[in-house]
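Please look at the structure shown here with one topic in mind: how its chains meet. The paragraphs after it go through that topic step by step.

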Amino acid sequence: MNRKKKTVAMLLAGGQGSRLGVLTAKKAKPAVTYGGKYRIIDFPLSNCAHSGIDTVGVLTQYRPLELNTYIGTGAPWDLDTLTGGAYILPPFSRTGDAGEWYTGTANAIYQNIGFVEQFDPDDVIVLSGDHIYKMNYKWLLDAHKEKDADATIAVIPVSMEEATRFGIMNTDDDLRITEFEEKPEHPKNNLASMGVYAFKWSTLRKYLVADADDPASSNDFGKNIIPAMLANGEKLYAYEFGGYWKDVGTIESLWDANMELLTPDPPFNLYDDPWRIFSRNPNSPPHYVAGGAVVRNAIVCEGCSIYGTVENSILSESVVIEKGAVVKNSIIMSGTKILAGSQITMSIIDEEAVVGKNCVIGAPHDNDAEVKQIAVIGREIHIPPGGRVAAGEEVRS
Amino acid sequence: MIREAFGMIYASEEMTNLRELVDSRAVGALPVGGKYRVLDFPLSNMVNSDIRNVGVITSRNYNSLMDHLGSGKAWDLSRKSDGLFILTPFSLRENPGIYRGKVEALRSSMDYIRRAKQEYVVLTGATFVYNLNFDEMMRYHIESGADLTVLYRHTTPGTQLDSRAHEVLLDIDPSGRVTGLEVNPVLTSLGAHSLKTYIVRKDILIYLVDDSYSKGEYKFSEGLLRSNLDRLRIMGFEHTGYVGAMRSVASYYKVNMEFLREDIRAALFPASHPIYTKTQDSVPTKYISTADTQSSLIANGCVLEGRVENSVIFRNVHVGKDAVIKDSIVLPNTVIAEGAELDHVILDKNVRVRARSRLVGNADFPVVIRKGGMV
């Protein structure tokens, strides 16, 4: 059967996201909630759907259960086409060996060369399940083809100070990459890699195989594959992306990215229809705001019941805010209940948690503090009535 | 279910009292409760009762119904065996495809009925909103040795009825048997309202439909049921939970307003029996800092800047600054500009309300702005 596809997407979704602490204790980072109803992985998956890429391999490793259930056949992103689909690709064993974990991002693709070859693609795009952005991968692929590149790396301009935290591409005037520096102390350029790559499959395949044979390699795209390609003089180009792109890898950045949505003119607009972000929709009735409730400057999903006060906050699906409870500057994830009289400030509360009556969780931001002190309560945790959780504290059990 | 059944939903009831709301849609396609269509309730009831083969009978204006149902996937009815079947008007030698009653509609759907593999049929309509698992009714049907079981609810006898609403009242003896039947009485002593939902063995239904049709009886209650009250053992099964009836603009308004009551939402949306509907991937609703919302049901995709009180707001509605919406129902994709005031108003889909306009109705006569209207 001819299953040829011009482009196959490989989505790296195996990362733990350890800097998200208790939020990723039981699930992988791509399954973390953002903007009330979305999960981070909804963004690359929706981007694929809108960019006309219907064959997506999702590479999972760390705590994949929730992610696997969430992705299913890919139908919510319209990926369950006749010849395409969303394919969950966990590590597996082969004849004569016991199999092994994915040792790095490049190794994850290497172990799935067989999957990619089924589709005999011209190009493969490698995506990360860690970022919030809307991007038409077709434009990246057009640039890639136009320059007949071996690899095209999507980059985004960052400030020179921030550049020290990213993988930076040094390019010539034609955007051809001359050098790649991972987290440079003294950056020469401000074009940061977004973790979005287009590769000519024939070239990538060669490098993946060579990389797998090198016992010294850490099997990583940024550390090994890209430098090796550059060293051999392959044609690598940067593609400059002008839109919003955010790595929500830390508690603070996740909180910031959510709060940005509440600003009057948010830098990232979820409300533009043509590039709608798809997600798995729960079966909940509309949300209810009771008499006496206050809901201001907030994002609220279906199934919620609000009897108290919600300000500058984001509520995921089926959250209950009881009477007299006050939620400010916080993110409350799905199914969580905040019982009567509790005060929630500068907090992130994960799914299915219960905050008992008259608790005080978090504290207002102290302007003198250098970093934001965000209280975090893990999934399914019950805070007993009258409980206290200090600013910046993390409740794991 | 304790016996295998297939489901049939008669979604082509003519309800002229719903006026402009049903000008361009079937009653079953009426939006209700902030994100649902009336048909979602009977359809979810079927699915929650493990009925996996459902035929939906449509007649006029079935476009919006088809659009909503699609392949039936949202109800898990897009299946390789059985699933959802949309039975569009089918002209026979004897009729042109516009049904003179449910009996004629069933006769036109005979191919589907004959082909169904299940022994029983649960036949219902799309004008009532309730949440019920049909298991118990089936058990009652079997145990009472009924030929046909009718679902009913109790209301206070002597209630003044809307004479044009096609009310069917049942006389039920102490054993539970239906012994009499009134259609559209102006004043009645009977307190059992038929919910026009039936369980019957498939072969009996086929016989009854053919028999009634040959006698020129096209209506189900006043024809088929009434003439068989003596011959058959027709039993009544009471539904004690909430029922919302779509009969007129006023009752459409009332039912939507009842969704604002916590006890009614609890009855309609128990966690064990979800109501499924086609979802639209709308963004969550955004409340701006000037928003003031009280006692209201709000779907996804809205942007609220003004005051909303005691209202049901469907998805993708924009309420402008200083707008005041009171005791109103706002259907999807509607924009209410700054400073507009709505009081007891039903805005159909895609309506635009200009800045500072003012519309006032009352509970018996809510103002209705038709689909796509501009005020």
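**Where chain A meets chain B**

Strand 14 of chain A and strand 16 of chain B, residues 296-298, run antiparallel and are joined by three bridges. In this pairing, Val289(A) stands opposite Ser296(B), which lies in strand 16 of chain B. The model is a predicted one.

On the side of chain A, 37 residues are in contact with chain B, and 34 residues of chain B take part in return. Between them the two chains bury about 2,800 Å², and carbon and sulfur atoms account for 47% of that area. Three residues, Tyr271(A), Asn283(A) and Tyr288(A), supply 22% of the area that chain A buries against chain B, more than any other three residues.

Strand 14 (287-289) and strand 15 (294-300) of chain A each supply at least two residues of the side that touches chain B. Strand 15 of chain A gives the largest share of that side, six residues. By residue type, the side of chain A that touches chain B divides into 22 nonpolar, ten polar and five charged residues.

How many salt bridges cross the interface of chain A and chain B? The rule finds two. One salt bridge pairs Lys35(B) with Glu302(A), where the closest N and O atoms are 3.1 Å apart.

Terms used:
Residues numbered from 1 in each chain as written. Chains lettered and ligands numbered in written order. Predicted model: local features only at pLDDT ≥ 70, side-chain atom pairs only at ≥ 80, totals over all residues. Heavy atoms only, no water. Contact = heavy atoms within 4.5 Å. Buried area = accessible area lost by both parts, 1.4 Å probe. Salt bridge = Lys/Arg side-chain N within 4 Å of Asp/Glu carboxyl O. Helix = DSSP H or I, 4+ residues; strand = E, 2+ residues; numbered from the N terminus. Nonpolar A, V, L, I, M, F, W, Y, C, P; charged D, E, K, R; others polar. Pairing = 2+ DSSP bridges.
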